[in-house]
Amino acid sequence: MLWGVCLVSQAQAPIERILESVAANNMGVKAVQEQAVADRAALSAANSLENPTFDFEYLWGEQHIPGGNKYGFSIMQGFDFPSLYVQRNKISRAQETLGDRQVRYALQNTLLQARGLCIRLVYLNKQIALVTERVAIADTLAALYNRRLEEGDANRIEVNKVELERLSQTTRLKLLYSERTATIASLVACNGGSDLPVGGDMLTEYPVIAAPATEQEAVAVWQAEDASLQLLRQQQEMAEMQLSLARQGWIPKFELGYKQAYEVGDMFYGFAVGISLPLFKTGSEVKAERARALSQAWQAEDAAVQKASEASQLYREVTALQSALQDYELLKQQDNRTLLMKALQGGQISLLEYMTDMAQLNSIDEDRLLIEYQYYNKLSELDRYNL
């Protein structure tokens, strides 16, 4: 059974607050939202009646005869066959859905990036806590061996080893603080440059993330809920609608209007009808839209296959990391550092033995934190459809 581990369930709240802030402030998401509004407005305008045209003409003959000049004017309104307006209206409604899909896709990617940064901060904070403990131990050890050196129970080589270890851990701590500052800066940028609602140093526990119980469930959920797939399928549907519209391009366009003319002392009134015959462009437009619809269909199909493979791979990686993480849980319950320090202070082990064993413990702790970080990072990617 795949599961998400979290020691303190309340720890999810700070990350949720950050994600809510990012969703409200991210500039990229706002840009996509405004573009969706613009695209809907453009399609709505394209389906409106064309602007009426006003024509005025004034003619005179070669021999000027009083009152013999001709003039007239007309007002014409062009329009398409009603079925074209119906089809364009369907496309306009589909465009609204497409805009929603585009916003959803942008938001999902942005929140996935932000949650990844939050998980990175948890990892860094855990490392900082661990290395801070090592620095404290190194300080204790340095004080112990400096006192022993004064008492003649230690030599300078042992003191130097202890000081080098303290320098190593202190430097490591400074680098971790620097990396945390850079990660917080990236998260602030993701938040539109606004301050985070929660300090980066407050993220000390990973979020609670529900995961699919089986690989088949993971694939099925991705196929149904992944925002990129939904976007591609909507684009495919739009392409098919555009093809249907292009196939109706053989229907003539019409113009209807009022006309008035004056000639040789008499006024003429009436109406005018015009027709535009689509003889040349329609075949090429249908061919282009058919190819575009086929391209969109292949893209959607290929993306579905790729997403199924990605979901399966992520599930297997998460399962493997979970198994490795459970093995390390047993080591967390052992207080080996305290035991080693007591043994060293009691003279039961040498400094070399102590430092060798501590190096092994430190390596194990680093591996455990890295596996834990990788586990939650992959689990977050697997759970992207819930963002």
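Mentor: Let us start with Ile128, which, apart from its neighbours within four places in sequence, is in contact with Leu173, Leu176, Tyr177 and Arg180. Please keep in mind that this is a predicted model.

Trainee: Where is Ile128 placed, and how far is its C-alpha atom from that of Arg172?

Mentor: Ile128 lies in helix α3.

Trainee: Why is Ile128 called buried?

Mentor: Its relative accessible area is 6%, and buried means under 20%. Ile128 therefore counts as buried.

Trainee: What makes Asp365 buried?

Mentor: The same cut-off of under 20% is applied. Asp365 has a relative accessible area of 12%, and so is buried. This residue is placed in helix α9 and touches Leu130, Arg134 and Arg337, if residues up to four places away in sequence are not counted.

Trainee: How do you know that Cys118 and Cys190 are in no disulfide?

Mentor: A disulfide is a covalent bond between the sulfur atoms of two cysteines. To be counted, the sulfur atoms must be within 2.5 Å. For Cys118, the nearest cysteine sulfur is that of Cys190, 8.8 Å away. For Cys190, in turn, the nearest is that of Cys118. The structure holds zero disulfides.

Trainee: What makes these cysteines buried or exposed?

Mentor: Cys118 has 0% relative accessibility and therefore counts as buried. Cys190, at 5%, counts as buried too.

Trainee: Why are α3 and α8 called roughly parallel?

Mentor: Helix α8 spans residues 336–345, and it packs against α3 at an angle of about 5°, with the axes 12 Å apart. Angles under 35 degrees count as roughly parallel, so α3 is roughly parallel to α8.

Trainee: Which residues meet there?

Mentor: From α3 come Glu133, Arg134, Ile137, Leu141, Leu144, Tyr145 and Arg148, and from α8 come Arg337, Met341, Leu344 and Gln345. By class, this contact has six nonpolar, one polar and four charged residues.

Trainee: What makes α8 and α9 roughly antiparallel?

Mentor: Their packing angle is about 175°, and their axes are 10 Å apart. Since angles over 145 degrees count as roughly antiparallel, α8 and α9 are therefore described in that way.

Trainee: Which residues form that contact, and how do they divide by class?

Mentor: Asn336, Arg337, Leu340, Met341 and Leu344 in α8 meet Leu351, Tyr354, Asp357, Met358, Leu361, Asn362 and Asp365 in α9. They divide into seven nonpolar, two polar and three charged residues.

Trainee: Which residues of the largest nonpolar core touch the most other members?

Mentor: They are Ile18, Leu187, Leu203, Tyr206 and Tyr375, in a core of 32 residues. At least two residues of this core are supplied by each of α1 (12–25), α3 (82–151), α4 (156–190), α7 (282–332) and α9 (351–382). The most come from α3, which gives ten residues.

Trainee: What does Leu203 touch?

Mentor: Leaving out residues up to four places away in sequence, Leu203 touches Pro14, Ile15, Ile18, Cys118, Leu121, Val122, Asn125 and Val198. Another core, of 15 residues, lies apart from the largest one, and includes Leu141, Ala154, Leu340 and Leu361.

Conventions:
Residues are numbered from 1 along each chain as its sequence is written. This is a predicted model: local features need pLDDT of at least 70, side-chain atom pairs count only at pLDDT 80 or more; totals for chains, interfaces and linings use all residues. Side-chain values use heavy atoms; hydrogens and water are left out. A nonpolar core is a set of buried Ala, Val, Leu, Ile, Met, Phe, Trp, Tyr and Cys residues joined through side-chain atoms within 4.5 Å. Buried means under 20% relative accessible area, exposed over 50%, partly exposed in between (1.4 Å probe, protein chains only). Helices (H or I, at least four residues) and strands (E, at least two) are DSSP runs, numbered from the N terminus. Contact means heavy atoms within 4.5 Å. Axes are lines fitted to C-alpha atoms, for helices over the stretch in contact, and angles run from 0 to 180 degrees between N-to-C directions. Angles under 35 degrees count as roughly parallel, over 145 as roughly antiparallel, 65 to 115 as roughly perpendicular and the rest as oblique. Ala, Val, Leu, Ile, Met, Phe, Trp, Tyr, Cys and Pro count as nonpolar, Asp, Glu, Lys and Arg as charged, and the others, Gly among them, as polar.
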